[in-house]
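Look over the model below, then work through the questions. Try each one before you read on.

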Amino acid sequence: MLAIAELLAGLGLLFIGLKLLSGHLQQAMGRRVRAILKAATRSRLIGLACGTLAGAIVQSSNAVTLIAGNLVRGGILTTRDAIPVVAGANIGTSALVFIASVDLKVAVLYLVAMVGIAYQFRLDRTAERREWIGVLLGLALLFLGLSFIKLAPQDVPRETMAALLNGVTPLVGILIGFAAATLTQSASTATILCVAAIGTGAIDLSDAFFIVLGANFGSGIATLISAGNLQGTGKQLCFAHIFVKLVGCLVVYLAWLGADLAGYEPAARIVALGQNGPSFVISVVFLLLQVTGAAATTLFCGTTEALARRFSPPSQEDNVSKPHFIDDQAMVDPPSALELAASETDRLIGNLPELLPDLDQRAADNAAHRALHWRGAHAVGEATGHFLVELIDRHLSREDLDLALLLQDRQRLLLSLQDTLKEFADVTDGYEAPPPLLFNLAEALRTLVLELAEARNGPQSEIELLLELTTDRSTVLDRIRRTLASGAIGTGEDARKLLVAVSLFERAVWLLHRLAGTLRDTANAANRT
Amino acid sequence: MQIDREQAGSDVVLKVSGRLDTPNAKPFEASLMEAISSTDGGITVDLAGVDYVSSSGLRALLVAGKAMRTAKRDLALRSLQPQIREVFDISGFSTLFEIK
């Protein structure tokens with residue numbers, strides 16, 4: 001019983017540790033990873049190296065695939081550029097497997113001490129430090145979890161352990177690895193578990209070889225499962241990810257089979273090889289699987305792309321998610337880059353009405369089409385945000401910096417407005433025939449959004465009018481809230497939905513007012529120059 | 001939708017009845033613009049007979065409101081049914097037009 005408790009506690013700590021580690025690393029290094037991945041356009045080899053570095057930094061090939069997918073959607077990378085990146089990310093994740101193969105009991109103690117001291121002396125006051133402390137805590141929990149897992153079998157009777165050992169045939173090993181990786185959505189996690197199991201003597205190296213083989217393939221399938229409804233480019237990269245795993249498994253397994261047929265007895269040899277450091281040997285096997293898969297996929301990048309396209313053709317979402325103006329090449333000339341960012345934001349403002357339902361023309365309204373536009377507009381909005389952040393990081397002139405900060409403010413407001421409109425549309429979509437209050441809110445909001453789309457290119461008087469139309473609504477809306485609370489309009493779920501709609505409307509009007517303010521500031525700045 | 005026009009000196013009253021929806025918005029806007037260009041005085045839109053206003057109807061009024069504002073003339077709305085008054089309050093039009 002104690003062994004089960006230790007095993008479960010170890011697994012729990014391992015999962016928490018991995019989650020903390022990957023999450024905080026992504027927060028701490030996300031921007032740098034994006035910058036690293038952008039260099040992937042230079043050559044396949046550089047792409048592979050960038051992917052390896054990014055994978056080692058964030059310790060999640062899924063996260064790198066996701067970032068690369070966003071860069072492809074943003075038009076910064078092509079799918080072909082991104083394939084070596086995804087391939088490399090798999091190699092990068094091997095770093096954690098190697099770290100886990102080393103006995104780090106003392107390191108855990110120091111890590112826990114460092115985290116505790118950091119919290120006690122409030123060293124976590126800045127966001128960046130908080131992320132790094134989170135990384136250390138993640139590592140500490142991960143190693144602690146591994147120690148528990150290694151301890152667990154010591155409490156299992158020898159005869160039970162022997163029975164377990166005998167049960168692991170190559171096929172069973174592959175299935176165990178496949179199941180573990182599919183459940184944990186990570187080949188490296190399953191391999192780390194394997195490393196721990198070897199350390200306890202529960203399995204030997206030849207068993208571990210097949211478990212890692214199964215885990216490697218299982219994590220590819222897990223990526224596809226977690227991709228869910230993802231379509232087009234995003235899913236193409238998931239397929240590229242699977243190819244890396246599949247090719248790696250095939251090459252390594254065929255090599256094993258070849259060695260077996262040639263009488264080299266690979267099972268005995270690998271056990272002999274790992275007599276002094278079995279954990280290290282299994283880490284090397286894991287690395288070998290990644291390197292062979294990544295090398296083949298990168299070398300036959302065109303074929304991989306063609307296959308991925310066949311499995312997941314470009315979607316409509318890919319098209320609407322592509323920026324029309326911003327281009328990283330333009331960053332060399334900040335004034336032009338700022339103009340492009342302004343045009344992109346301007347285009348997104350013009351497209352805002354597409355995110356709202358037209359309740360007067362319900363027959364022509366298509367909720368799925370609106371959702372697609374929201375995802376596309378959101379992706380472009382985020383790409384514009386990253387573009388501006390990178391531009392601001394460069395040494396801009398005072399005038400350019402002022403404009404960049406103004407555009408950044410506008411882009412953030414725009415993203416919030418996009419989300420608010422989407423949430424509002426979701427409320428109206430919940431009704432076959434919206435109640436009169438919801439109809440009025442929707443039509444009023446649509447009018448104001450259409451006015452913003454028109455005002456962005458109109459004379460300044462249009463912006464002033466919009467500012468007037470979007471002044472504080474609290475008196476009117478509070479009156480409506482009171483009526484709703486009294487139950488005069490609707491009760492229960494209906495009243496709750498209407499209250500949500502009123503709040504979303506109020507937020508949208510406030511955001512429209514702020515956006516109109518940024519348009520006025522740009523117009524004023526242009527008039528001054 | 002039906003629009004009746006009454007002249008009161010230099011002022012014009014447009015009595016609207018029916019639905020101010022997408023199909024009717026353009027003819028309504030055309031009537032408003034015609035009234036604006038044919039007189040120098042103020043314009044009052046009587047909405048007593050209107051029981052439905054969509055965003056297209058609101059925009060038609062907004063276009064007329066902008067034209068009147070540029071010409072420094074008054075555009076007023078009157079006799080709004082409670083449901084219609086609500087959409088004008090919510091959309092902020094009550095701050096733009098005089099509502100009688």
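Q: What percentage of the residues in chain A are buried?
A: This is a predicted model, where local features need pLDDT of at least 70, side-chain atom pairs count only at pLDDT 80 or more, and totals for chains, interfaces and linings use all residues. Residues are numbered from 1 along each chain as its sequence is written, while chains are lettered from A and ligands numbered from 1 in the order in which they are written. A residue is buried if 20 or more other C-beta atoms, placed from the backbone, lie within 10 Å of its own, exposed if 12 or fewer, and partly exposed in between. Of the 529 residues in chain A, the buried share is 49%.

Q: Are helices α11 and α12 of chain A roughly parallel or roughly antiparallel to each other?
A: Axes are lines fitted to C-alpha atoms, for helices over the stretch in contact, and angles run from 0 to 180 degrees between N-to-C directions. Under 35 degrees counts as roughly parallel, over 145 as roughly antiparallel, 65 to 115 as roughly perpendicular and the rest as oblique. Helix α11 (residues 205-227) and helix α12 (residues 233-261) of chain A pack at about 170 degrees, with axes 9 Å apart. So α11(A) and α12(A) are roughly antiparallel.

Q: Which part of chain A gives the largest share of the side that touches chain B?
A: Two residues are in contact if their C-beta atoms, placed from the backbone, lie within 7 Å. By that rule, 18 residues of chain A are in contact with 18 residues of chain B. On the chain A side, α20 (436-455) and α21 (460-469) each supply at least two residues. The largest share, ten residues, comes from α20(A).

Q: In what order do helices and strands follow along chain B?
A: Chain B has four helices and five strands. Read along the sequence, they give the pattern β-β-α-β-α-β-α-α-β.

Q: Which residue of β2(B) stands opposite Arg5(B)?
A: Two strands pair if DSSP finds at least two bridges between them. Strand β1 (residues 2-8) and strand β2 (residues 11-20) of chain B pair in the antiparallel sense, over seven bridges. In β2(B), the residue opposite Arg5(B) is Leu14(B).

Q: How many of the seven residues of β1(B) are buried?
A: Strand β1(B) lies largely in the open, so its buried count is zero.

Q: Which residue of the hairpin of β1(B) and β2(B) takes a positive phi near 65 degrees?
A: This hairpin has two residues between the strands. The one with that phi is Gly9(B).

Q: Is Lys72(B) buried or exposed?
A: Lys72(B) sits in the loop between α2 (55-70) and β4 (75-78) of chain B. Its phi is positive, near 55 degrees, in a residue other than glycine. Most residues other than glycine have a negative phi. With 6 other C-beta atoms within 10 Å, Lys72(B) is exposed.

Q: How does Ser79(B) count, with 17 C-beta neighbours inside 10 Å?
A: Ser79(B) lies in the loop between β4 and α3 (82-91) of chain B. Its phi is near 55 degrees, a positive value. With those 17 neighbours, Ser79(B) counts as partly exposed.
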